[in-house]
Amino acid sequence: MSVGNIIVWIVWIAAAAACIGSALAVVALRNALYSALALIGNLISLAVFYLLLSAEFVAAAQVLIYAGAVMVMFLFVIAYVGWDKDIAWTGGPRWQTLGSVVAAAALLCELVVVIVLGAANDLKRTDHVSANFGSASSVGRVFMSNHLLAFEVISIVLLVAAIGGVILGAQKQRRRSGGLR
Amino acid sequence: MSLLAPLATVQPWWIATIEAFVIIMVLLLGFAFVTLIERKLLGRFQRRFGPNRAGPYSILQPFADFIKLIRKAPFQPDEVIHPILYLGAPVLSGTMAFLAFSVIPWGGGWELFGYQIDGQVANVSISLIVVFAIGSISTYGVLLGGWASESKYAMLGAMRSGAQLVSYEVSLALSVLGVVLMARSLSLVDIVAAQGRTIWYIVPQIVGFGCFAIAGVAEVGRAPFDLPEAEQELVAGYHVEYSGMRWGLFQIAEYVHMITISALMVTLFFGGWLFPFGHRLGPLWFALKLAIVLFCFIWARASLPRLRYDQLMNLGWKVLLPIATVNALATAFFVVLK
């Protein structure tokens with residue numbers, strides 16, 4: 001085993017431990033802000049996995065978009081809505097708990113089946129991974145060819161969300177200026 | 001070995017470590033003397049002397065400031081929410097500020113005693129995104145610092161500064177898209193090389209440069225976008241409950257962030273370390289261009305009035321963002337056409 005491989009193993013084990021630990025912390029912690037911080041840690045440790053898989057562009061985008069921009073919005077909402085009201089969560093409706101457990105179990109089963117049955121031999125092969133794998137240009141090429149439909153659908157969904165945000169903001173403003181008059 | 005490919009540099013790891021150490025020392029010294037030069041220049045802009053007591057040309061002033069900060073009692077509010085978060089916020093800000101400089105190229109690389117020495121600590125193919133990713137993480141230093149202080153003013157200041165950083169990050173990222181499209185690369189090393197082959201991108205990307213300059217000043221939170229300094233409104237923003245060297249760490253983060261954004265501006269629009277002659281003297285030209293950009297930062301602080309909070313948000317979302325978007329689209333059109 002070469003030095004490089006040992007480093008990869010050490011990084012992998014540390015990232016895996018951080019990933020599972022922070023994921024547990026997200027659901028176990030009572031304070032919503034601490035949960036959000038744990039989620040940031042979880043997203044960053046996921047980015048380390050992407051880096052280990054040579055998907056450097058995806059790793060950087062993960063940190064920039066999810067750990068950076070999206071989670072800042074979470075923190076804003078938590079801070080505005082009430083971070084100091086230390087209300088213990090009494091639990092949601094029964095069907096919600098049941099549904100989440102079933103969904104998690106289904107995902108776990110799917111993962112195990114895919115890895116053990118389907119991809120066990122594929123994962124060992126590295127010859128079909130090109131030298132360009134994971135670079136920004138190859139990711140962009142895949143977006144614009146194989147997954148063009150999904151890409152366009154997501155862009156429309158985001159556009160709808162942006163317009164919705166503008167409409168909601170504009171309504172509030174109109175009401176406020178109407179009240180002043 | 002292939003697993004480590006994105007992390008690998010051409011130079012041996014121990015040379016990269018030495019380089020990182022040297023860069024951090026240079027940045028710390030640079031921070032110390034930028035504060036001095038800023039106070040001197042502000043004095044000149046306002047027709048007064050500025051600091052002139054400590055040593056010839058007041059050259060010892062930064063060290064006097066440092067000793068004063070170190071000896072100050074580290075005051076801490078009783079009701080601080082979590083001591084680790086309270087202390088961690090300035091540490092996070094400072095670390096992220098230094099980290100971003102690791103991918104910025106300041107020289108063309110040399111060969112010394114048979115060893116390859118690169119002009120940057122880490123050569124990654126997506127270094128521009130890495131700089132932005134690190135910048136987006138450093139927002140948490142501001143938010144956590146304000147939140148953990150358990151103080152109304154710190155909280156309000158953190159929310160304002162956080163909103164400002166998030167808003168201008170968008171314009172900042174969009175304004176460099178034109179440069180990326182022209183160089184056809186996200187690597188800062190490649191972007192500098194592409195400018196060596198053609199011309200400095202300040203010429204074709206003058207609109208992008210304008211957006212980058214304004215959004216960059218807002219991103220580091222300096223005048224005219226320095227809302228934490230608006231003492232009549234918010235005392236001192238997110239760092240009001242910090243004192244001594246903890247406050248000093250926030251200051252270090254702000255100044256190093258300013259140096260990093262200036263270095264990024266030099267790299268993207270002014271040819272980085274390139275100069276018409278003397279290619280082996282890359283770091284010298286880089287430092288020279290960096291000094292000119294830093295002077296402009298201080299010049300802007302001395303001459304422009306501060307924006308109100310609503311003006312700040314309007315400028316970011318309704319003026320800069322559309323201009324940066326149209327610039328990116330126009331550049332894409334011309335690049336495809338060519």
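Trainee: Which residues touch the most other members of the largest nonpolar core?

Mentor: As a general idea, nonpolar side chains tend to be buried together in soluble globular proteins. In this predicted model, the largest nonpolar core holds 112 residues, and those touching the most other members are A:Ala60, A:Val63, B:Ile126, B:Leu128, B:Ile129, B:Val130 and B:Ala133. The element that gives the most to this core is helix α10 of chain B, residues 244-269, with 15 residues.

Trainee: What does A:Val63 touch, leaving aside residues up to four places away in sequence?

Mentor: Within chain A, A:Val63 touches A:Ile44, A:Ala47 and A:Gly68; in chain B, A:Val63 touches B:Ala133 and B:Ile137.

Trainee: How many residues of each chain are in contact with the other chain?

Mentor: There are 21 residues of chain A in contact with 21 residues of chain B. On the chain A side, the elements giving two or more residues are α1 (3-28), α2 (32-52) and α3 (56-82). Of these, α3(A) gives the most, with 13 residues. By residue class, the chain A side divides into 16 nonpolar, four polar and one charged.

Trainee: What is the secondary structure of chain A?

Mentor: Chain A has seven helices and zero strands. Buried residues account for 17% of its 181 residues. Sequence separation is a further way to read the chain: among contacts between residues at least 6 apart in sequence, 56% join residues at least 24 apart.

Trainee: How are α8(B) and α10(B) oriented to each other, roughly parallel or roughly antiparallel?

Mentor: The general idea is to compare N-to-C directions, and an angle over 145 degrees counts as roughly antiparallel. Helix α8 of chain B, residues 206-219, packs with α10(B) at an angle of about 170°, the axes being 10 Å apart. The two helices are therefore roughly antiparallel to each other. From α8(B), the contact uses B:Phe209, B:Phe212, B:Ala213, B:Gly216 and B:Glu219; from α10(B), it uses B:Ile261, B:Met265 and B:Phe269. These residues divide into six nonpolar, one polar and one charged.

Trainee: Which residues of helix α7 of chain B are buried, and why do they line one face of the helix?

Mentor: In α7(B), residues 188-197, the buried residues are B:Leu188, B:Val189, B:Ile191, B:Val192 and B:Gln195. Viewed down the axis of α7(B), the buried residues fall within an arc of 165°, so they line one face of the helix. The elements covering them include α4 (127-148), α6 (177-183) and α10 of chain B.

How values were computed: Residues numbered from 1 in each chain as written. Chains lettered and ligands numbered in written order. Predicted model: local features only at pLDDT ≥ 70, side-chain atom pairs only at ≥ 80, totals over all residues. Core = buried A, V, L, I, M, F, W, Y, C linked by C-beta atoms within 7 Å. Buried ≥ 20, exposed ≤ 12 C-beta atoms within 10 Å, placed from the backbone. Helix = DSSP H or I, 4+ residues; strand = E, 2+ residues; numbered from the N terminus. Contact = placed C-beta atoms within 7 Å. Axes fitted to C-alpha atoms, helices over the stretch in contact; angles between N-to-C directions. Parallel < 35°, antiparallel > 145°, perpendicular 65-115°, else oblique. Nonpolar A, V, L, I, M, F, W, Y, C, P; charged D, E, K, R; others polar. Arc of directions from axis to C-beta.
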